[in-house]
Amino acid sequence: MIKAVIFDAGGVLCDWETICRKFAEEINVDYKKFMEVYLKHSFDPEFGSDIGQMTADEFFKKITLELGVPEKALDWRKRFVPGFKRIEPTYKLLDELKGKFRLGMLTNSKIGLWDEWESIGHFKDYFEVIMDSSTVHLLKPDPEMFNLLCQRLNLKTEECLFIDDDSKNTGAAEKFGFKTVHFTEPEVSVAAIKNVLGIE
């Protein structure tokens, strides 16, 4: 029986890629190249912004330098989080689930990023447990991150449904014992979540 529903943030609760595409276009950089640099500085252990090894300010300075536009670091830093857009079907689902299931958030992120977005995202209104990679110094799909989540919820893996837009993360969670939904198109994915939970 599922007792807790765990959501990824970026790509599930909010769209963060649109602002990235806009910025790549502004600086005339191919989006694929842009994302290679962005993800390297996010996840590569040598850099590791998403495991708390650098601040968000340092992250933006490093990627804009590598992209050849160091003068854009502060501009993009100021525009990045305000450029996120809520994925409204997910928030409608959260309103339906609140009080019926325990809710958690498990995300790879940079130091303080979701705190900045709280006034729009209102995570603390919904989630009992919020685990951010930059504070626990672990990255999805590391099994230890899923293990720590279960410890904090005091639940077994099979009592949790995990939702993520990255199939590597849902695949890892499924191997660990979670029920999962790979989040793609919002309306379709919300319907899939409801189906797993047995709700209309």
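Visitor: What should I know before reading numbers off it?

Guide: This is a predicted model, in which local features need pLDDT of at least 70, side-chain atom pairs count only at pLDDT 80 or more, and totals for chains, interfaces and linings use all residues. Residues are numbered from 1 along each chain as its sequence is written, and side-chain values use heavy atoms, with hydrogens and water left out.

Visitor: Pockets, then. How much space lies in the largest pocket?

Guide: About 500 Å³. A pocket here is an open set of points on a 1 Å grid over the protein atoms alone, where a 1.4 Å probe fits, with protein on both sides within 12 Å along at least five of seven lines; lining residues have an atom within 4 Å of a point. The volume is the space filled by probe spheres set on the points, which are joined across faces, edges and corners.

Visitor: Which residues lie nearest its centre?

Guide: Trp16, Leu39, Phe43, Asp50 and Asn108, out of 25 residues that line the largest pocket. Two or more lining residues come from each of helix 2 (31-43), helix 6 (113-116) and helix 10. Helix 2 gives the most, five residues. Helices are DSSP runs of H or I with at least four residues, strands are E runs of at least two, and both are numbered from the N terminus.

Visitor: What is the lining of the largest pocket like by class?

Guide: Ten nonpolar, six polar and nine charged residues. Ala, Val, Leu, Ile, Met, Phe, Trp, Tyr, Cys and Pro count as nonpolar, Asp, Glu, Lys and Arg as charged, and the others, Gly among them, as polar.

Visitor: And the second largest pocket, how much space lies there?

Guide: About 180 Å³. Its lining includes Met105, Trp114, Phe123 and Lys124. Helix 6 gives the largest share of that lining, three residues. By class, the lining of the second largest pocket has five nonpolar, three polar and four charged residues.

Visitor: Switching to helices. At what angle do helix 5 and helix 11 pack?

Guide: Helix 5 (residues 88-97) and helix 11 (residues 186-197) pack at about 20°, with axes 9 Å apart. Axes are lines fitted to C-alpha atoms, for helices over the stretch in contact, and angles run from 0 to 180 degrees between N-to-C directions. The two helices are therefore roughly parallel; under 35 degrees counts as roughly parallel, over 145 as roughly antiparallel, 65 to 115 as roughly perpendicular and the rest as oblique.

Visitor: And helix 9 with helix 10, what is the crossing angle?

Guide: Roughly 60°, with the axes of helix 9 (residues 143-153) and helix 10 (residues 167-176) coming within 10 Å. Helix 9 and helix 10 are therefore oblique to each other. Pro143, Phe146 and Asn147 in helix 9 meet Asn169, Ala172, Ala173 and Phe176 in helix 10, where contact means heavy atoms within 4.5 Å. That contact has five nonpolar, two polar and no charged residues.

Visitor: Backbone next. Which residues does the cis peptide bond join?

Guide: Lys140 and Pro141, with omega about 10°. Pro141 sits in the loop between helix 8 and helix 9.

Visitor: What is phi of His122?

Guide: Near 50°, a positive value in a residue other than glycine. His122 is in the loop between helix 7 (118-121) and strand 5.
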